[in-house]
Amino acid sequence: MVARGDAEDVEAARKVVGGVVGKKGLLQQVVTDDAAADKEKYSTFWSDLETRGYRLAFEAPKNDKLALFQHGERAFDHILLLPTRSKGLGPSLTPNLLLEFINNNGNILLALSAESPVPSAVSSLLHELDIHLPPDRTSLVVDHFNYDTLSAGEKHDVLVLPKPSALRSDVKNHFGGGGLLAFPRVVAQELGSSSQLLTPILRAPETAYSYNPKEEAENVAEPFAVGSQISLVSSMQARNSARFTVLGSVEAFEDAWFDRAVQGPEGKAVKTSNRAFAKSLTAWTFMETGVLKVGKVEHHLSTISDSKSGNDSVAQLGYLNPKIYRIKNDVTFNIEMSEYSFDHLSPFTVSPDDKLQLEFTMLSPFHRLDLQPISTTLNSTIFSATFRLPDQHGIFSFRVNYKRPFLTNVDVKREVTVRHFAHDEWPRSWMISAGWVWIAGIWVTILGWVAFVALWLWSEPAYQQSQGKKLQ
């Protein structure tokens, strides 16, 4: 686990990134039964973490003084759970406390091994996250076509695999690269299909399967999982962007496997890339990579010039971020985004197969537009979109809701009011060509009435005077 130091150290190490507080230089708690043996066995792994600014605190799982929270705050920033020999993890590491740790933006790296039974607390925690392990506690993954012939020529329980490829064409690969990985005695994981928060990092080959080595039968009638159903390394990123990673083979991070020569059934002997993979996996889990930061968010009235093209055709009108607009106004929205990578911020780039989109929404989106990069600074990219407001008044929101695997969630919302035209903003009737007929009709009626009255007055009949008396 990573524990906190003094208050000054905590404040000095805080780095606010994309709405998530990432901390380096604080203590990372490592839960293990045998601290002395594990320090020696994983010495290179611990040294790499300390080089990157972490301070490690080794704790026994059933230590009475161990507490994940102090004074209502997390006592540790990250937890690394190593396999234990006991069936439980003690009162300080119950599934509820570990889930509360995640809900408070803590990150957990859980390492498993087929040589150590999985504690019931860990099984319950994984069940809560919809990650399933084999029902028997000694099952491991074997592959008769992708194994190390030098160390597992008979048992075939040391898998030799290439580094993970991209999950999809629109998802950035934080764990890829060249080289082979060696995974000894892997515990299979099966991810539930009902949760969108789960993502496999490394899947087993199609020829792999999980079985219990204590079963002497030559054929496995009903294996727990086979092929790509098996996840060797799994991840869960919560809605608050806290990260939980399950490593199926803790032996892969041992010093013996960091630069060991492995050879597949039909390949040549090459050194493993386990050390580089360990760095990328811990960097992602502990918020060193895949963290997005939102900078300035601006919107303003715009005027569009037909004589220019691209971004030069849009000019700002008025001041930034007004609280009220008018229907049919031309509006520009800008958002600045960066991506945190180990120790610095870099401009965020969207995959060519992906889109960063803006929604202008009331109850449902009236507009959904692609945000285009218009400029780049030393550590950020500015995305922009210009559009015309709908002919509908009410309370609207500019919203950027960007959620992708292996990236922290971005949900930015800015509310504005859209009003009707004011009385003096409507165009005059003589400016509307469709109204000229009615205007002409009014004037024809007026002029016709005036002409009629004048003609009637001018054509008054002549009166004659009576010459006789009126007869009774």
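This is a predicted model: local features need pLDDT of at least 70, side-chain atom pairs count only at pLDDT 80 or more; totals for chains, interfaces and linings use all residues.
Eight helices and 31 strands are found in the protein, which has 472 residues, 46% of them counted as buried.

- Leu-281 is in contact with Leu-109, Phe-175, Ile-201, Val-233, Thr-245, Leu-247 and Phe-253, when residues up to four places away in sequence are not counted.
- In soluble globular proteins, nonpolar side chains tend to be buried together.

**Strand β8 and its partner β9**

- All six residues of strand β8 (residues 76-81) are buried, so this strand is largely enclosed by the rest of the structure.
- Strands β8 and β9 run parallel and are joined by four bridges, and Leu-81 has Leu-110 in β9 as its bridge partner.

**The five-stranded open sheet**

- Five strands form an open sheet with mixed pairing, in the order β23-β31-β30-β26-β27.
- The edges are taken by β23 (324-326) and β27 (365-370), each of which has a single partner strand, so one side of each is left without a neighbour in the sheet.
- From one strand to the next, the twist averages 30°.
- Strand β30 (residues 394-402) and strand β31 (residues 410-419) run antiparallel and are joined by nine bridges, with Tyr-402 having Val-410 in β31 as its bridge partner.
- Strand β26 (residues 357-361) is likewise antiparallel to β27, to which five bridges join it, and the bridge partner of Glu-359 in β27 is Arg-368.

- Although Lys-323 and Glu-415 are 92 residues apart along the chain, their C-alpha atoms are separated by 7.7 Å.
- Lys-323 is in contact with Val-416 and Thr-417, leaving aside its neighbours within four places in sequence, and these contacts can be read beside the range given for β31, residues 410-419.

**Other loop residues**

- Ser-139, which lies in the loop between β10 (131-132) and β11 (140-143), is buried, with a relative accessible area of 5%.
- Most residues other than glycine have a negative phi.
- Arg-185, found in the loop between β13 and β14 (190-191), has a positive phi, near 45°, and is not a glycine.
- Phe-342, in the loop between β24 (330-341) and β25 (344-347), also has a positive phi without being a glycine, in this case about 60°.
- With a relative accessible area of 26%, Phe-342 is partly exposed.

**Helix α8**

- The 23 residues of helix α8 (residues 436-458) should span 33 Å at 1.5 Å a residue, and the end C-alpha atoms are 32 Å apart, which agrees with that expectation.
- Helix α8 is hardly covered, since the count of buried residues among its 23 residues is zero.

**The protein as a whole**

- Among contacts with a separation of 6 or more, 72% are between residues 24 or more positions apart.
- The accessible surface of the protein is about 25300 Å², and 52% of this surface belongs to carbon and sulfur atoms.

Methods: Residues are numbered from 1 along each chain as its sequence is written. Side-chain values use heavy atoms; hydrogens and water are left out. Two strands pair if DSSP finds at least two bridges between them. Helices (H or I, at least four residues) and strands (E, at least two) are DSSP runs, numbered from the N terminus. Axes are lines fitted to C-alpha atoms, for helices over the stretch in contact, and angles run from 0 to 180 degrees between N-to-C directions. The expected span of a helix is 1.5 Å times one less than its number of residues. Buried means under 20% relative accessible area, exposed over 50%, partly exposed in between (1.4 Å probe, protein chains only). Contact means heavy atoms within 4.5 Å. Accessible areas come from the Shrake-Rupley method with a 1.4 Å probe; for residues, only the protein chains shown count as cover.
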